[in-house]
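Good morning, and thank you for joining this group meeting. I shall present one structure and ask you to follow on the display.

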Amino acid sequence: MIIQPRVRGFICLTSHPEGTAQHVKQQIDYVKSKGKIENGPKKVLVIGASTGFGLASRITAAFGSDAATIGVFFEKPAAPGKPGTAGWYNTAAFEKEASDAGLYAKSINGDAFSDEIKKQTIDLIKEDLGQVDLVVYSLASPRRTHPNTGVAHASVLKPIGQTFTDKTVDFHSGVVSDISIQPVESEEDIHNTVAVMGGEDWKFWIAQLKEAGVLANGVKTVAYSYIGPELTYPIYRNGTIGRAKDDLEGTVPVLNDLLQDIGGISYVSVNKALVTQSSSAIPVVPLYISLLYKVMKEKGIHEGTIEQMQRLFADRLYANREIPLDEKGRIRVDDLEMREDVQAEVAKLWEQITTENLEQISDISGYRNDFFNLFGFNFDAVDYDMDTDEVVNIPSIK
Ligand code: NAD
Ligand code: NA
């Protein structure tokens, strides 16, 4: 079928198999261009492996240090007349490239919050790898059904305490407008958001993997967080999602206790703001990202998800030196985003930005391009008027 972008709100309903394959290939080529990561991970489980930071982590592990990888995610398969989701196609392309390179790669598609998927993953590790030496936790989800209570928690993106009003952009139309977001009405919203995006499920994963004996001595586990600039504090770090990130970060000492007897260690890495399916859903953030991209590209310090994850692995997690941590014990690969000169320039542009000057003073076109790239669109090498085979299988998924 002919597959072109069909956008509704901040999501794209279609994905292109050849375009997503290009996207994966570009990321693989980038990792290869940086050379081997000495003493990198060898057997890796990535939870949330099909898009964004999780996919970039998987690619870095596989093509940066020849790791065998198991990826867990929740994606829709391709069917005749109905394209699969981007994460489905990404994984199909990744597994093919891995297999061509002689690397083990298998995937599990299902709800990572469930005990059943955890068990399936444990069985697969036992059967094929024995143990893993790195567990990457990179889920981003709007909901979670709790495995013990059966309660379906839905996360919200709201400020806490007072209404937040600031600029936002509709990145498709380019209209900059003011948006007011009402604060949470009850503790319930906070509780639900923490239940979905906090650290409990990471802890459940690590506890069950350890219990099953599939974590190697000296295992590392890493999850991803965000801080960002003061201007997004009300909606991000001081809002409901920020409470969830506090909870995620607070899980590190708990996991360190749990892993102590096998010499394991856990980290949270604070990553840069980037265009992903999850971040495009947050109000205000896309406008901030458009200005951030502009400033960071001008300074020659812009990074995408793959550059971030390659740097996390090569310069932090596996750099063969003590890992530098901030005062709260976190790894910071948002260091360039948070640089004083970068933030000062973004803040100045933030005051000036309007619908009229959006194209000139922000990198909204870069934002849009990255957004469409997520779904396999806007790649020069792909002819989007041509028929393409929409049914693509992930080799390891029957
Ligand atoms: P993403 O939407 O690109 O990826 C989410 C992944 O989770 C996908 O692989 C998806 O299939 C999987 N997933 C979602 N629900 C699932 C479920 N129930 N079961 C199994 N898999 C499921 O998101 P992302 O932006 O890469 O976010 C990953 C992490 O990085 C999040 O913790 C996020 O907060 C954090 N982070 C993001 C940014 C950013 O700017 N995007 C910045 C810093 C940190
Ligand atoms: Na991810």
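The lining of the second largest pocket comprises seven nonpolar, 12 polar and three charged residues. Here Ala, Val, Leu, Ile, Met, Phe, Trp, Tyr, Cys and Pro count as nonpolar, Asp, Glu, Lys and Arg as charged, and the others, Gly among them, as polar.

A word on conventions. This is a predicted model, in which local features need pLDDT of at least 70 and side-chain atom pairs count only at pLDDT 80 or more, while totals for chains, interfaces and linings use all residues. Residues are numbered from 1 along each chain as its sequence is written, chains are lettered from A and ligands numbered from 1 in the order in which they are written, and side-chain values use heavy atoms, without hydrogens and water.

Which residues lie nearest the centre of the second largest pocket? They are His23, Gly304, Thr305, Glu307 and Asp370, out of 22 lining residues. A pocket is, on a 1 Å grid over the protein atoms alone, an open set of points where a 1.4 Å probe fits, with protein on both sides within 12 Å along at least five of seven lines; lining residues have an atom within 4 Å of a point.

I turn to the aromatic rings. Rings of Phe, Tyr and Trp (its six-membered ring) pair if their centres lie within 6.5 Å; planes under 30 degrees apart count as stacked, over 60 as edge-to-face and the rest as tilted. The count comes to 10 aromatic pairs. In one of them, the ring centres of Phe53 and Tyr224 are 5.9 Å apart and the planes stand at 55 degrees, so the pair is tilted. Both Phe53 and Tyr224 are buried, where buried means under 20% relative accessible area, exposed over 50%, and partly exposed in between (1.4 Å probe, protein chains only). Phe377 and Tyr384 also form a tilted pair, because their centres are 5.5 Å apart and their planes at 50 degrees. Phe377 counts as buried at 2% relative accessibility, and Tyr384 counts as buried at 15%. Ring pairs also link Phe171, Tyr367, Phe371, Phe372 and Phe375 into a cluster.

Finally, the backbone. Most residues other than glycine have a negative phi. Asn39, however, has a positive phi of about 55 degrees, and Asn39 counts as exposed at 57% relative accessibility. Asn378 likewise has a positive phi, near 70 degrees, and Asn378 is partly exposed at 41% relative accessibility.
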